[in-house]
Amino acid sequence: MAHEQRQAAHARWLSAAQLIGVVRAEPGITRAAAAQRLGIGSGGATELLARMRQARLLDESPAPARGRGRPTTVLGPHADGPLVLAADLRATDWRLAVAGIDGLPQVVAQSAYAGEELAPVLAEVAEAISTVYRRNTRRLRAIAVSVAGTVSDAKLVQFTSRGWRDADLSVLVAKIPDRAGISLQLGNDATLAGLAEARSGAARAATTALYLIVAQGIGGTLVVNGDTLTGAHGAAGEYGHIPFGDPNLFCPCGARGCWDLAVDGRALARHRGDEPPDDPVAYVHSLIGKRDSTTRRAFAAIATSLGRGAGALVNLHDPDVVTLGGVAAMIRAAAPDAFDEAYRGGLMAFRKGSPPPVCDAQHGEEGPLHGAVALALDRVTTATGLAEWVGRQ
Ligand SMILES: [Zn+2]
């Protein structure tokens, strides 16, 4: 397409992209409310929706009658509209989910990792992705993959729970023909969970939102105006490898003094005098509610490290809100005074009067999957993405 044609197509679908933005932000919104958000009259809304129905983007269903107002409709994805695929490579299993432009994922495949080796696992996931593609050849437009490890560009740097490292993840879409024009994006699970909180969770009203998650180690992301700061290669947000920990401890990442080693189940075990647990998350769960003094002191120690680090990051990033995911919320709840004292103690004086609230995350274990769906949909629902969709019909 020539440059002028692309520009014209972009302009033509700009209002459609804005309307989809409203539907994504407020699922189940009525036509009347959506028109109001965009500042268009009912005639303009009728015309826009007719065009979007024709393009198989949005559809309407009758809204439940309310009072004596004029009847309106609820906006939702077209039954034959664009789809995205989200893959979630978790610590011990993987799953695939498909979503329409309302962003509600439906899990379509799921399995524990077949073995210790990475290559057969990637082949298995690639085959499952290819199956979803063949079933939805015309509709599938973007794929995003959440990885419980460090990613840089299309490369898996390390996947700690399985000991995997240095693998090219573009093999996941090797069975999808290039001409299909389907984009692949990769993201770290903590980054994507933070994106989900900022878009539709505990940080949804924030302009600048800091998200921290404790699982095996600690990760997180900073979301600014709805986008995560991912760095030059998509590898930013390695909060666990800031030296907020004990400088005498060596981290598997190659650095020492990492925060990872001070805030999770492994740290809790060290403070209690236990062996390092195989599953640090399950270990934290198993000790919640134990009131003996050793356990309470151990929780206070890791909650202190969590609070102090959160305060330092608030000094650095100046967020509106901090959200806690994974077992971070549990760790704070197990030793709230220790957390609070360390958090406030770490803040610069001028912030202490009204520090940003620290809220529990709302997406829970679904955060990475919901974030991957949001990332993939971002590609599809821009004016340019919509023009491409229409061009392929
Ligand atoms: Zn490290």
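Visitor: Over how many bridges do E7 and strand E8 pair, and in which sense?

Guide: Three, antiparallel, with E8 covering residues 155-159. Strands here are DSSP E runs of at least two residues, helices H or I runs of at least four, numbered from the N terminus, and two strands pair if DSSP finds at least two bridges between them. Keep in mind it's a predicted model: local features need pLDDT of at least 70, side-chain atom pairs count only at pLDDT 80 or more, and totals for chains, interfaces and linings use all residues. Residues are numbered from 1 along each chain as its sequence is written, and side-chain values use heavy atoms, leaving out hydrogens and water.

Visitor: Which residue is the bridge partner of Val151 in E8?

Guide: That's Leu156.

Visitor: And what's the strand order in the open sheet?

Guide: E7-E8-E9, three strands with antiparallel pairing. E7 (150-152) and E9 (164-168) are the edge strands, each pairing on one side only.

Visitor: Switching topic: is Thr191 buried or exposed?

Guide: Buried, at 6% relative accessible area; the cut-offs are under 20% for buried, over 50% for exposed and partly exposed in between, with a 1.4 Å probe on protein chains only. Thr191 sits in helix H6 (residues 189-200).

Visitor: What does Thr191 touch?

Guide: Leaving out residues up to four places away in sequence, Thr191 touches Gly220, Thr221, Thr228, Thr230 and Ala236, where contact means heavy atoms within 4.5 Å.
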